[in-house]
Amino acid sequence: MEPIIRLENVSFSYKINEKTKVSVLKNISFSIIPGEYVAIIGHNGSGKSTLSKHLNGILTPDNGDVWVHGNNTKDTNNKRSIRQTVGTVFQHPDNQIVATIVEEDVAFGLENIEVPREEMKKRVDEALNVVKMSQFRHRPPHHLSGGQKQRVAIAGVLAMHPDCIVFDEATSMLDSFGRKEVLQVMRKMNNMGMTIITVTHHMSEAAEADRIIVIEDGQIVMDAPPREIFKHKQELKNLQLEVPSVSQMAEGIHQQFPDFSTELIQEDEFIDEVMKFSKVEVI
Amino acid sequence: MGARPIIQVENLSHTYMKGTPLEHVALKGANLYVEEGECIAIIGHTGSGKSTLIQHFNGLMRPESGKVIIDGVDLSKKKVDVKTLRQKVGLVFQNPEDQIFEKIIGDDIAYGPFKLGLPLKEVRERVKWAMSVVGLDFEQMKDRQTFALSGGQKRKVALAGILALKPKILVLDEPTAGLDPKSRNELLEKIKRLNREEKLTVIFVSHNMEEVAMLADRIYVMAGGKDVLCGTPKEIFTDKEKLQLHHIGTPETVQVLYRLTDLGYKVSVDAFSISEATEEIIKVLHGTKEDLEDVQRV
Ligand SMILES: Nc1ncnc2c1ncn2[C@@H]1O[C@H](COP(=O)(O)OP(=O)(O)OP(=O)(O)O)[C@@H](O)[C@H]1O
Ligand SMILES: Nc1ncnc2c1ncn2[C@@H]1O[C@H](COP(=O)(O)OP(=O)(O)OP(=O)(O)O)[C@@H](O)[C@H]1O
Ligand SMILES: [Mg+2]
Ligand SMILES: [Mg+2]
């Protein structure tokens, strides 16, 4: 299938001033297929947000190219259609607030692409509903709590109905229930065909994806399904990462019971394995 | 309650933008006390008033009604020595960008200690120490520009700036949000040590129940601008009814143990860390294996 996003030999440096440059992305290549659910992990400063900003042309590479549906992000004529294809929820919700009222903030992107009034209203209602912020629609977004701002930021991108959403640590200020709700939304959108790319420091969240890309010092060091990635416990540790809690527990149990699987990454699987191991009643 | 609490909040209320059409009640009669040397976690849903509550502790917000007494100083009084208060209470905001002002990382972290009038050598030592606590390499990062940082790096700089003040009371709003697993674990270990060994009083707001279980002596649960529950991690996380009533999450380990309990396994849910929870499961697996052998023998 034709990739929705394709990076070829992408390099990027931030220019601090005339003399100093910080080289961040180093010759990165990969493709995302429509409908994929990809998690990007890596330690602080490894380049995840910089990479995310390349996926819809907020930043463009110094060397190499990024194509979105075959359109090069460097070509300014493509800007509009690229932003419509790939929406980004930034790491920092304050940087995303553009209006003085929540519902206008959520509608902002829709006005830009001239969505008809009726349709706009419908989409804003829907998006605010999904993130459970409907009762805040008339409040000023910069006067909200941290988690509320994050929810509004998510709504703004959902309302755009893009083909792909990039979530850059979009749930960092949410409680475990809020985070689960957003994960469910991601899963649901993905099931309906939307491409999901999520940057996260929560390994149990990354375990939900179909594919994990591990970034270190601006390069891809691993790219595989979660089950494969989380086999590399020591390598992940060296990269300042870890495996999900249930994988750690499975490992501990395995030391006592060698038949207990170490390849568990999700809670449900872990529970099933414990049950399989202790079928007293069945006998 | 033994000694005089170092923080005492009584019936505290706060309304944002009072008297305007945008008026919003954020706190309505919150209570809390903290004894010297305690480590307290404040948890609760988005918008429950956690950040608003803790911004009262260093005088950033003044009690609109109700009382806030910090180390004997009543903040509802007109004349409060805010400078001394800020020296005593170090508060790290939920959003680190609200806290970083200087252009260069080293200068930003040095700002507080410098203002305290400490000798340069001491300032430098403190900056070094604070950067090591948060896991920022001194030589590599001290001259880097603050605007040119990743999200996690910004949080580390903001944390270091407050730690360098060596406050008596450390107040942290979501200290580990956006930190990678290693940085998070190391920071938590260090905060725990400062609390246990140097008797630093710590109050932290968190959505991460792993760290709440690991660090807190007591937990306050906020809902709708009020404290609705308070107890030790053991009291809170083992009370299934209350967890459900107040919609409180648990560490992932405890969640697994609850599920096993529901399936009829005799595990104790009072095992928060990965190693404790693993032990607990190993115990029942040993048990069931023995039961199994008994059954087979019969
Ligand atoms: N605007 C900027 N100007 C200059 N350098 C920057 C800028 N933003 C980030 N950097 C630097 O680029 C590197 C990668 O930053 P990036 O934000 O992509 O990391 P990240 O992987 O998203 O980290 P985190 O997990 O902390 O969010 C870091 O070393 C950072 O200091
Ligand atoms: N500056 C402000 N102006 C008006 N209302 C505000 C302001 N800051 C917060 N609020 C409102 O006050 C309530 C409490 O906010 P607060 O920031 O204390 O919540 P919180 O418990 O810290 O939430 P979170 O977990 O999302 O950070 C929220 O409903 C919020 O919308
Ligand atoms: Mg980032
Ligand atoms: Mg808050």
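## The magnesium ion of chain B

In this predicted model, the magnesium ion (ligand 4) is coordinated by B:Ser51 through OG and by B:Gln94 through OE1, at 2.0 to 2.2 Å. Donors are N, O and S atoms within 2.8 Å of the metal (3.2 Å for Na, K and Ca), and water is not among the atoms, so sites may look incomplete. B:Ser51 belongs to helix α1 (residues 50–54) of chain B, while B:Gln94 sits in the loop between β6 (89–92) and α3 (105–115) of chain B, so the pair ties together parts that are 43 residues apart in sequence. Helices (H or I, at least four residues) and strands (E, at least two) are DSSP runs, numbered from the N terminus. B:Ser51 and B:Gln94 are both buried; this term means under 20% relative accessible area, with exposed over 50% and partly exposed in between (1.4 Å probe, protein chains only).

## Strand β6 of chain B

Strand β6(B) is covered on both faces: B:Val89 and B:Leu91 are buried on one side, and B:Gly90 and B:Val92 on the other. This strand pairs with β7 (residues 169–173) of chain B in the parallel sense over four bridges, where pairing requires at least two bridges found by DSSP. B:Gly90 has B:Leu170 in β7(B) as its bridge partner.

## The magnesium ion of chain A

A:Ser49 is in helix α1 of chain A and A:Gln91 in the loop between β6 (86–89) and α3 (102–112) of chain A, a link between distant parts of the chain, 42 residues apart. A:Ser49 and A:Gln91 are buried.

## Ligand 1 between the chains

Ligand 1 lies between chains A and B. It is surrounded by 21 residues, the closest being A:Lys48, A:Thr50, B:Arg144, B:Ser150 and B:Gly152; a residue is counted if one of its heavy atoms lies within 4 Å. This shell divides into five nonpolar, 13 polar and three charged residues.

An oxygen atom of ligand 1 is 2.7 Å from an N or O atom in the side chain of A:Lys48, and an oxygen atom of the ligand is 3.0 Å from such an atom of A:Asn44. The protein covers 90% of the 640 Å² of accessible area that ligand 1 has on its own.

## Basis of the values

Residues are numbered from 1 along each chain as its sequence is written, and chains are lettered from A and ligands numbered from 1 in the order in which they are written. Local features need pLDDT of at least 70, side-chain atom pairs count only at pLDDT 80 or more, and totals for chains, interfaces and linings use all residues, while side-chain values use heavy atoms, with hydrogens and water left out.

How values were computed: Polar contact = N/O pair within 3.5 Å; in protein donor to acceptor, adjacent residues only side chain to side chain. Areas by Shrake-Rupley, 256 points an atom, 1.4 Å probe, with all protein chains shown as cover. Nonpolar A, V, L, I, M, F, W, Y, C, P; charged D, E, K, R; others polar.
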